[in-house]
Structure formats: C-alpha cells, structure tokens
Amino acid sequence: MGRTASRASVWHGETLRFVVCFLGVFVCYFYYGILQETITRGDYGHGDQKEKFRYATTLVFIQCIINTLFARILVHFLEGPRPDHTQSWLYVVCAITYVCAMVSSNSALQYVNYPTQVLGKSCKPIPVMILGVTILRKRYPIAKYLCVLLIVTGVALFLYKPNKGSTSSDDHVFGFGETLLLVSLTLDGLTGVAQDYMRGRHQTGAYHMMLNVNLWSTLMLGLGVLWTGEVWEFLSFAERFPAVIYNILLFGFTSALGQTFIFMTIVYFGPLTCSIVTTTRKFFTILGSVLLFGNVISPVQWLGTVLVFLGLGLDAKFGKAPKKTTH
C-alpha cells in the first residue's frame, strides 16, 4: 500500500514537472515564432526602398548573448555551489552544432516560407533517435518509435497543403533552402546526442548546460560576425530601421526563457522527449494561429490533429524507457 502511494506521488511529481516544462516551452516559443517571422521575413522600408533582413548570424549572436546572461543568473540563484564536472570540449562540440543549426535554420527563411521551415524542423526527433542509436547505442522502446512516427506524421499532415499552386517567390527558390533545413536538422540531432552524453556521463545540470553552451556559442559567433563584418552591416540596418532592435531584444528574451524550459526538459526527460515537446509546440502554435484567424481546417489537417494527440497520449503511457542503473 505504501509502495503504491509512493509510486503515485512520484508519478504525480513527474507529471507536474512535465506539464510545467511543456507549457513553458509552448508559451515562450509561440511568441518567439511570431517574432522570428516578423524579423526575418518582414519588409523594411517603403516602395522601391524595401529591404530584407539578411543578418542571421548576428541575430543568433544577440540571442546567445541574452541566453548566456539569463543562464548566468539562473546558475547563481538556482544551482548554488553545485560543481559542474562536465569537460569543456563537450560544451565546445555542442556549441558548434548548436550554432550551425541555428544559423542554418534562420538563413533558410530567406529561401523558404515559415510553414516549410516549421515542417522541416518538426522532423527533429528522427535524427535525435537515429544518432542516439548509432552513436550512443541507446535503446528505445518500440512504443517510442511509433509515438514519434505518429507525431511527426500528424504535424506533416497538418501543414501539408495539396492545393498550394502559387506564384510566390518562395516557390521559385527550390533546393538551397531545403538543403539548409536538412543541415540544420542533422546538426540538431548531433546536438541532442552531445547533450544526452553529458546528461548520462556527467549528470550535467540544466542551467550549467545552458550557460556553457551559450557562452561558447557567443564567443564563436562574436568572432564570426567581426571577421565577416556582418555586425557593422547589421548596425547600419538597425540605424535605418530601429524597430528591429526592439523585436530582436524580445526575440532574445523569449528564446532565453524558452530555452530554460528546454534545458530542464532535456535534463529531466532526455533530448528525445524534448524533441517531442518542441515538435508538438510547433503544431499547437500553428493550430492556435488557425483558430485565432478563423482559417478553415481541412479533413487532412484534422487527421493530423488526431495523430498528434494520439502520439502524445501513447508516449505518456507506453513510451518511457526503463530506468538505468548508474555505473
């Protein structure tokens, strides 16, 4: 009886923690997505003087600075004197894949529309799982594979528009944008493997991971934007269109807060669960947009909705891997 009550208490605690992480990721990145599209795909200027935002590296650089400052505060107040035994080279490797994935993803928005980018990034659980199995020799329950497949299929069906036939400029640029998304997706998988290794071997804390990955990312990107001179071009652009500074600062803040919840999810539940959460967040973000603006949902999109909810429910019940013993 006591054991049953203890298990119920633990389950309730884990469930509450998961709900907090999910809602934190969802709310922060809902607004983050709106800001990202506004910044990267908005038109600046009027008439023939319109300009496009072409400073993806600087955008990610500012984002990483804010993330680093935010993480430093969290480490000071929440981690306390807890030592971090994670080797620096792991943080460097993770930062390289993280930075390249972010820059590739933001750069892709210059060539593909936002739904295409979201659809591409929604497949993130696939490289995380494949690389986890091939590199770390991880073993996932069969149910986990099926749940990820259901969720990714559901998101793909929801975003698929068979009657798209348009003359937009996005349709005229085929190949390079999708290649950037594929590169970003692969690097996301490598980032997940590195994070999983740190979590498994060094019990890396959520905020130490967030701080060090973003710190190394800031150093790399800072050198990059100075070497290429992009930062000076960006400052000239911001002088002409000062509103972009406000949007970027908000973008960075929502990223930092959302990333806090993402790192918590990684540490407590693992990168695959984090991928499922972020994939589902993208689905709900688009669903919320459809409902708010009164767009019609097709039968295929309703099928996608059912598959996503089905995948989430089955994963919560059957998708957990057995606990490992420490060695």
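The model is predicted, with local features needing pLDDT of at least 70 and side-chain atom pairs counted only at pLDDT 80 or more, while totals for chains, interfaces and linings use all residues. Residues are numbered from 1 along each chain as its sequence is written, and side-chain values use heavy atoms, with hydrogens and water left out.

**Stop 1: R240 and E51**

Select R240 and E51 and show their side chains, which meet in a salt bridge at 2.8 Å, N to O. The term stands for a side-chain nitrogen of Lys or Arg within 4 Å of a carboxyl oxygen of Asp or Glu. A search of the whole structure finds one such bridge. R240 is in helix α9 (residues 230-240) and E51 in the loop between α1 (2-41) and α2 (56-79), so the pair ties together parts 189 residues apart in sequence. Helices here are DSSP runs of H or I with at least four residues, numbered from the N terminus. R240 is partly exposed at 40% relative accessibility, and E51 is partly exposed at 25%. On this scale buried is under 20% relative accessible area, exposed is over 50%, and partly exposed lies in between (1.4 Å probe, protein chains only).

**Stop 2: α8 against α10**

Next select residues 206-228, helix α8, together with α10, which spans residues 243-269. The two pack at an angle of about 125° with axes 8 Å apart; axes are lines fitted to C-alpha atoms over the stretch in contact, and angles run from 0 to 180 degrees between N-to-C directions. The helices are therefore oblique to each other, the class left over once angles under 35 degrees (roughly parallel), over 145 (roughly antiparallel) and 65 to 115 (roughly perpendicular) are set aside.

To see the contact (heavy atoms within 4.5 Å), show A206, Y207, M209, M210 and N214 of α8 with A256, Q259, T260, F263, M264, I266 and V267 of α10. These residues divide into nine nonpolar, three polar and no charged. Ala, Val, Leu, Ile, Met, Phe, Trp, Tyr, Cys and Pro count as nonpolar, Asp, Glu, Lys and Arg as charged, and the others, Gly among them, as polar.

Stay on I266, which is buried at 4% relative accessibility.

**Stop 3: L303 and V155**

Finally, select L303 in helix α12 (residues 299-318). L303 is partly exposed, at 44% relative accessibility. Its C-alpha is separated by 9.7 Å from that of V155, 148 residues apart along the chain.
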